[in-house]
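This briefing covers a single protein chain, starting with its overall build and moving to selected residues. Keep the sequence and the model at hand while reading.

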Amino acid sequence: MRAQSSATAAVPIAVPASSRGRGFGTLQAALGVVAFSLTFPATAWGLEGFGPWSLVAVRSVLAAVIAGGCLLALRVPLPARRHWAGLAVVAAGVVLGFPMLTTLALQTSTTAHAAVVVGLLPLTTALLSSLRTGSRPSRTFWAAALAGAAAVVAFTVQQSGGALTTADLYLFGALLICAAGYTEGGRLAGAMPGWQVIGWALVLCMPLTVPVAAVALTAEPVHLTAHSVTGLLWVAAGSQFLGLIVWYRGMASIGVPKASQLQLAQPLLTLFWSVFLLGEHLPWAAPVTALAVLVCIAVTQRARG
(Lines give C-alpha, C1' and ligand atoms only; values in the text may rest on other atoms or scores of the structure.)
Protein backbone atom coordinates (compact mmCIF):
# COMPACT_ATOMS: atom_id res chain seq x y z
CA MET A 1 0.00 0.00 0.00
CA ARG A 2 2.87 2.36 0.86
CA ALA A 3 4.63 1.65 -2.46
CA GLN A 4 1.41 2.12 -4.35
CA SER A 5 0.80 5.48 -2.68
CA SER A 6 4.34 6.62 -3.51
CA ALA A 7 3.98 5.63 -7.14
CA THR A 8 0.66 7.37 -7.39
CA ALA A 9 2.03 10.50 -5.82
CA ALA A 10 4.96 10.50 -8.22
CA VAL A 11 2.71 10.69 -11.28
CA PRO A 12 1.77 14.33 -11.98
CA ILE A 13 -1.78 15.07 -12.99
CA ALA A 14 -1.77 16.72 -16.39
CA VAL A 15 -3.74 19.93 -16.32
CA PRO A 16 -3.79 22.22 -19.35
CA ALA A 17 -2.00 25.49 -18.68
CA SER A 18 -4.96 27.44 -19.95
CA SER A 19 -7.28 25.69 -17.49
CA ARG A 20 -4.91 26.36 -14.61
CA GLY A 21 -4.64 29.98 -15.69
CA ARG A 22 -8.41 30.42 -15.83
CA GLY A 23 -8.86 28.72 -12.47
CA PHE A 24 -6.23 30.92 -10.82
CA GLY A 25 -7.73 33.99 -12.49
CA THR A 26 -11.15 33.09 -11.13
CA LEU A 27 -9.65 32.64 -7.65
CA GLN A 28 -7.96 36.04 -7.83
CA ALA A 29 -11.17 37.77 -8.96
CA ALA A 30 -13.07 36.00 -6.16
CA LEU A 31 -10.55 37.21 -3.57
CA GLY A 32 -11.09 40.71 -4.90
CA VAL A 33 -14.84 40.31 -4.40
CA VAL A 34 -14.30 39.19 -0.80
CA ALA A 35 -12.11 42.24 -0.18
CA PHE A 36 -14.71 44.54 -1.75
CA SER A 37 -17.52 42.96 0.28
CA LEU A 38 -15.91 44.36 3.42
CA THR A 39 -15.79 47.89 2.03
CA PHE A 40 -19.25 49.07 3.12
CA PRO A 41 -19.00 47.71 6.71
CA ALA A 42 -15.46 49.12 6.98
CA THR A 43 -16.70 52.47 5.65
CA ALA A 44 -19.47 52.45 8.26
CA TRP A 45 -16.81 51.91 10.92
CA GLY A 46 -14.67 54.68 9.44
CA LEU A 47 -17.56 57.13 9.49
CA GLU A 48 -17.76 56.66 13.28
CA GLY A 49 -14.60 58.73 13.61
CA PHE A 50 -14.08 60.58 10.32
CA GLY A 51 -16.14 62.84 8.09
CA PRO A 52 -16.94 61.56 4.58
CA TRP A 53 -14.43 63.80 2.79
CA SER A 54 -11.70 63.06 5.33
CA LEU A 55 -12.28 59.32 5.14
CA VAL A 56 -12.13 59.16 1.34
CA ALA A 57 -9.16 61.51 0.97
CA VAL A 58 -7.08 59.91 3.72
CA ARG A 59 -7.79 56.38 2.48
CA SER A 60 -6.64 57.38 -1.00
CA VAL A 61 -3.48 59.01 0.33
CA LEU A 62 -2.59 56.00 2.49
CA ALA A 63 -3.20 53.60 -0.40
CA ALA A 64 -1.12 55.82 -2.69
CA VAL A 65 1.77 55.80 -0.20
CA ILE A 66 1.68 51.98 -0.13
CA ALA A 67 1.45 51.76 -3.91
CA GLY A 68 4.10 54.40 -4.51
CA GLY A 69 6.46 52.65 -2.12
CA CYS A 70 6.03 49.38 -4.00
CA LEU A 71 6.57 51.07 -7.37
CA LEU A 72 9.73 52.80 -6.12
CA ALA A 73 11.12 49.71 -4.37
CA LEU A 74 10.72 47.61 -7.51
CA ARG A 75 11.91 50.46 -9.76
CA VAL A 76 8.89 50.16 -12.01
CA PRO A 77 9.23 52.47 -15.04
CA LEU A 78 6.55 55.02 -15.87
CA PRO A 79 3.68 53.67 -17.99
CA ALA A 80 3.72 54.35 -21.70
CA ARG A 81 2.09 57.61 -22.71
CA ARG A 82 -0.75 55.76 -24.43
CA HIS A 83 -1.82 54.26 -21.07
CA TRP A 84 -2.18 57.50 -19.10
CA ALA A 85 -5.68 58.29 -20.40
CA GLY A 86 -6.89 54.86 -19.28
CA LEU A 87 -5.21 55.29 -15.90
CA ALA A 88 -7.04 58.61 -15.51
CA VAL A 89 -10.35 56.78 -16.06
CA VAL A 90 -9.39 54.19 -13.43
CA ALA A 91 -8.41 56.97 -11.02
CA ALA A 92 -11.64 58.90 -11.56
CA GLY A 93 -13.84 55.82 -11.25
CA VAL A 94 -12.19 53.53 -8.71
CA VAL A 95 -9.92 55.77 -6.63
CA LEU A 96 -12.09 58.89 -6.35
CA GLY A 97 -15.64 58.55 -7.70
CA PHE A 98 -16.90 55.28 -6.27
CA PRO A 99 -15.43 55.72 -2.75
CA MET A 100 -16.66 59.31 -2.47
CA LEU A 101 -20.19 58.71 -3.76
CA THR A 102 -20.76 55.53 -1.75
CA THR A 103 -19.37 57.12 1.42
CA LEU A 104 -21.78 60.03 1.02
CA ALA A 105 -24.60 57.56 0.44
CA LEU A 106 -23.75 55.52 3.55
CA GLN A 107 -24.29 58.56 5.72
CA THR A 108 -28.03 58.13 5.24
CA SER A 109 -28.34 54.66 3.70
CA THR A 110 -27.93 51.22 5.26
CA THR A 111 -25.39 48.78 3.90
CA ALA A 112 -28.25 46.56 2.69
CA HIS A 113 -29.72 49.36 0.59
CA ALA A 114 -26.30 50.40 -0.73
CA ALA A 115 -25.74 46.82 -1.87
CA VAL A 116 -28.00 47.56 -4.83
CA VAL A 117 -24.97 49.25 -6.38
CA VAL A 118 -22.81 46.15 -6.37
CA GLY A 119 -25.84 44.15 -7.44
CA LEU A 120 -26.06 46.15 -10.65
CA LEU A 121 -22.31 46.66 -11.08
CA PRO A 122 -21.54 43.32 -12.80
CA LEU A 123 -24.13 43.89 -15.51
CA THR A 124 -23.10 47.51 -16.03
CA THR A 125 -19.43 46.54 -16.19
CA ALA A 126 -20.17 43.81 -18.73
CA LEU A 127 -22.17 46.26 -20.87
CA LEU A 128 -19.45 48.91 -20.82
CA SER A 129 -16.79 46.27 -21.46
CA SER A 130 -18.70 45.01 -24.47
CA LEU A 131 -18.92 48.53 -25.88
CA ARG A 132 -15.28 49.33 -25.05
CA THR A 133 -13.60 46.14 -26.26
CA GLY A 134 -16.06 44.95 -28.89
CA SER A 135 -16.53 41.57 -27.17
CA ARG A 136 -19.79 39.71 -27.74
CA PRO A 137 -20.75 37.38 -24.87
CA SER A 138 -23.28 34.66 -25.66
CA ARG A 139 -27.02 34.94 -25.13
CA THR A 140 -26.79 32.42 -22.31
CA PHE A 141 -24.25 34.65 -20.59
CA TRP A 142 -26.50 37.70 -20.85
CA ALA A 143 -29.60 35.79 -19.72
CA ALA A 144 -27.82 34.51 -16.62
CA ALA A 145 -26.29 37.93 -15.92
CA LEU A 146 -29.67 39.65 -16.18
CA ALA A 147 -31.32 37.00 -13.99
CA GLY A 148 -28.61 37.32 -11.34
CA ALA A 149 -28.74 41.10 -11.36
CA ALA A 150 -32.55 41.01 -11.12
CA ALA A 151 -32.40 38.64 -8.14
CA VAL A 152 -29.91 40.84 -6.28
CA VAL A 153 -31.76 44.07 -7.07
CA ALA A 154 -35.11 42.57 -6.04
CA PHE A 155 -33.58 41.35 -2.80
CA THR A 156 -31.91 44.62 -1.83
CA VAL A 157 -34.84 46.82 -2.87
CA GLN A 158 -37.31 44.59 -1.02
CA GLN A 159 -35.18 44.72 2.11
CA SER A 160 -34.99 48.51 1.96
CA GLY A 161 -38.76 48.81 1.62
CA GLY A 162 -38.68 49.84 -2.02
CA ALA A 163 -38.30 53.51 -1.17
CA LEU A 164 -35.81 55.62 -3.10
CA THR A 165 -33.80 58.06 -1.02
CA THR A 166 -31.46 60.94 -1.78
CA ALA A 167 -28.59 58.50 -1.38
CA ASP A 168 -29.75 56.67 -4.50
CA LEU A 169 -28.44 59.51 -6.67
CA TYR A 170 -25.00 58.93 -5.19
CA LEU A 171 -25.33 55.17 -5.58
CA PHE A 172 -26.35 55.21 -9.23
CA GLY A 173 -23.62 57.71 -10.03
CA ALA A 174 -21.11 55.46 -8.25
CA LEU A 175 -22.39 52.50 -10.24
CA LEU A 176 -21.69 54.11 -13.61
CA ILE A 177 -18.32 55.62 -12.80
CA CYS A 178 -17.02 52.48 -11.09
CA ALA A 179 -18.07 50.29 -14.04
CA ALA A 180 -16.07 52.57 -16.33
CA GLY A 181 -13.05 52.29 -14.03
CA TYR A 182 -13.32 48.51 -13.83
CA THR A 183 -13.64 48.20 -17.59
CA GLU A 184 -10.63 50.37 -18.33
CA GLY A 185 -8.61 48.79 -15.52
CA GLY A 186 -9.34 45.31 -16.83
CA ARG A 187 -8.18 46.36 -20.29
CA LEU A 188 -4.96 47.91 -18.93
CA ALA A 189 -4.27 44.81 -16.83
CA GLY A 190 -3.68 43.00 -20.11
CA ALA A 191 -0.78 45.38 -20.86
CA MET A 192 0.76 45.73 -17.39
CA PRO A 193 0.47 43.91 -14.05
CA GLY A 194 -2.80 44.62 -12.26
CA TRP A 195 -1.09 46.01 -9.16
CA GLN A 196 0.68 48.57 -11.33
CA VAL A 197 -2.64 49.66 -12.83
CA ILE A 198 -4.14 50.59 -9.47
CA GLY A 199 -0.75 51.70 -8.15
CA TRP A 200 -0.25 54.32 -10.87
CA ALA A 201 -3.91 55.38 -10.63
CA LEU A 202 -3.48 56.03 -6.90
CA VAL A 203 -0.24 57.96 -7.42
CA LEU A 204 -1.88 59.96 -10.21
CA CYS A 205 -4.50 61.20 -7.72
CA MET A 206 -2.04 62.38 -5.05
CA PRO A 207 -1.83 66.01 -6.26
CA LEU A 208 -5.58 66.17 -5.55
CA THR A 209 -6.04 63.83 -2.59
CA VAL A 210 -3.20 65.20 -0.42
CA PRO A 211 -4.49 68.81 -0.27
CA VAL A 212 -8.10 67.62 0.03
CA ALA A 213 -7.10 65.40 2.97
CA ALA A 214 -5.33 68.32 4.67
CA VAL A 215 -8.33 70.62 4.29
CA ALA A 216 -10.90 67.97 5.21
CA LEU A 217 -9.10 66.92 8.38
CA THR A 218 -9.19 70.51 9.62
CA ALA A 219 -12.81 71.10 8.59
CA GLU A 220 -14.37 67.83 9.80
CA PRO A 221 -14.16 66.55 13.38
CA VAL A 222 -12.01 63.46 13.94
CA HIS A 223 -12.63 60.95 16.75
CA LEU A 224 -10.10 58.12 16.68
CA THR A 225 -11.55 54.83 17.88
CA ALA A 226 -10.65 51.20 17.30
CA HIS A 227 -13.50 50.90 14.80
CA SER A 228 -12.73 54.10 12.89
CA VAL A 229 -9.01 53.36 12.58
CA THR A 230 -9.62 49.73 11.59
CA GLY A 231 -12.19 50.80 9.01
CA LEU A 232 -9.85 53.41 7.55
CA LEU A 233 -6.93 51.00 7.33
CA TRP A 234 -9.03 48.33 5.64
CA VAL A 235 -10.57 50.59 2.99
CA ALA A 236 -7.09 52.02 2.28
CA ALA A 237 -4.96 48.88 2.21
CA GLY A 238 -7.55 46.15 1.63
CA SER A 239 -10.25 47.59 -0.61
CA GLN A 240 -8.29 50.36 -2.33
CA PHE A 241 -5.05 48.49 -3.03
CA LEU A 242 -4.78 44.75 -2.30
CA GLY A 243 -8.34 43.96 -3.38
CA LEU A 244 -7.95 45.84 -6.65
CA ILE A 245 -4.63 44.10 -7.37
CA VAL A 246 -6.13 40.60 -7.36
CA TRP A 247 -9.32 41.88 -9.00
CA TYR A 248 -7.54 43.36 -12.01
CA ARG A 249 -5.29 40.30 -12.33
CA GLY A 250 -8.37 38.11 -12.32
CA MET A 251 -10.11 40.25 -14.94
CA ALA A 252 -7.03 40.13 -17.18
CA SER A 253 -6.99 36.32 -16.90
CA ILE A 254 -10.65 35.36 -17.40
CA GLY A 255 -12.03 38.49 -19.07
CA VAL A 256 -13.95 41.48 -17.75
CA PRO A 257 -17.50 40.18 -18.43
CA LYS A 258 -17.01 36.85 -16.66
CA ALA A 259 -15.04 38.32 -13.77
CA SER A 260 -17.69 40.96 -13.24
CA GLN A 261 -20.35 38.30 -12.72
CA LEU A 262 -18.52 37.03 -9.63
CA GLN A 263 -19.55 40.31 -8.03
CA LEU A 264 -23.12 39.07 -7.97
CA ALA A 265 -22.14 37.39 -4.70
CA GLN A 266 -20.78 40.61 -3.23
CA PRO A 267 -24.05 42.02 -1.81
CA LEU A 268 -24.70 38.79 0.08
CA LEU A 269 -21.15 38.73 1.43
CA THR A 270 -21.60 42.35 2.47
CA LEU A 271 -24.76 41.42 4.34
CA PHE A 272 -22.92 38.62 6.12
CA TRP A 273 -20.18 41.02 7.24
CA SER A 274 -22.83 43.55 8.24
CA VAL A 275 -24.39 40.98 10.55
CA PHE A 276 -21.06 39.76 11.89
CA LEU A 277 -19.36 43.16 12.27
CA LEU A 278 -22.21 45.67 12.59
CA GLY A 279 -24.83 43.52 14.30
CA GLU A 280 -27.47 44.07 11.61
CA HIS A 281 -30.34 41.61 11.30
CA LEU A 282 -29.94 38.96 8.58
CA PRO A 283 -32.90 39.12 6.17
CA TRP A 284 -34.85 35.89 5.76
CA ALA A 285 -34.59 36.08 1.96
CA ALA A 286 -30.79 35.89 2.00
CA PRO A 287 -30.47 32.08 1.57
CA VAL A 288 -32.93 32.07 -1.35
CA THR A 289 -31.14 34.92 -3.07
CA ALA A 290 -27.77 33.32 -2.37
CA LEU A 291 -28.85 30.13 -4.16
CA ALA A 292 -30.13 32.09 -7.17
CA VAL A 293 -26.93 34.10 -7.35
CA LEU A 294 -24.69 31.05 -7.14
CA VAL A 295 -26.62 29.38 -9.97
CA CYS A 296 -26.26 32.48 -12.13
CA ILE A 297 -22.53 32.71 -11.39
CA ALA A 298 -22.08 29.06 -12.39
CA VAL A 299 -23.92 29.64 -15.67
CA THR A 300 -21.99 32.80 -16.59
CA GLN A 301 -18.65 31.11 -15.84
CA ARG A 302 -19.52 28.22 -18.15
CA ALA A 303 -21.10 30.29 -20.91
CA ARG A 304 -18.85 30.74 -23.91
CA GLY A 305 -18.42 34.36 -24.93
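Of the 305 residues of the chain, 50% count as buried, where buried means under 20% relative accessible area, exposed over 50%, and partly exposed in between (1.4 Å probe, protein chains only). The model is predicted, so local features need pLDDT of at least 70 and side-chain atom pairs count only at pLDDT 80 or more, while totals for chains, interfaces and linings use all residues. Residues are numbered from 1 along each chain as its sequence is written, and side-chain values use heavy atoms, with hydrogens and water left out.

**Overall build**

- The chain has 13 helices and zero strands; helices (H or I, at least four residues) and strands (E, at least two) are DSSP runs, numbered from the N terminus.
- Along the principal axes, the C-alpha atoms fill a box of roughly 70 × 50 × 50 Å.
- Among contacts (heavy atoms within 4.5 Å) with a separation of 6 or more, 92% join residues 24 or more positions apart.

**Nonpolar core**

- The largest nonpolar core has 60 residues, of which Tyr-182, Ile-198, Leu-202, Leu-244, Trp-247 and Tyr-248 touch the most other members.
- Helix α8 (residues 167-188) gives the most to this core, with eight residues.
- Such a core is a set of buried Ala, Val, Leu, Ile, Met, Phe, Trp, Tyr and Cys residues joined through side-chain atoms within 4.5 Å.
- Beyond its neighbours within four places in sequence, Leu-202 contacts Ser-60, Ala-63, Ala-64, Ala-67, Val-95, Gln-240 and Phe-241.

**Loop between α4 and α5**

- Arg-75 lies in the loop between α4 (52-73) and α5 (84-105) and counts as exposed because its relative accessibility is 75%.
- Arg-75 has a positive phi of about 55° although it is not a glycine.
- Most residues other than glycine have a negative phi.
- Val-76, in the loop between α4 and α5, is buried, with a relative accessible area of 15%.
- Not counting residues up to four places away in sequence, Val-76 touches Leu-71, Trp-195, Gln-196 and Trp-200.
- The C-alpha atoms of Val-76 and Gln-196 are separated by 8.4 Å, though the two are 120 residues apart along the chain.

**Exposed leucine**

- Leu-224 is found in the loop between α9 (194-219) and α10 (226-254).
- Leu-224 counts as exposed because its relative accessibility is 62%.
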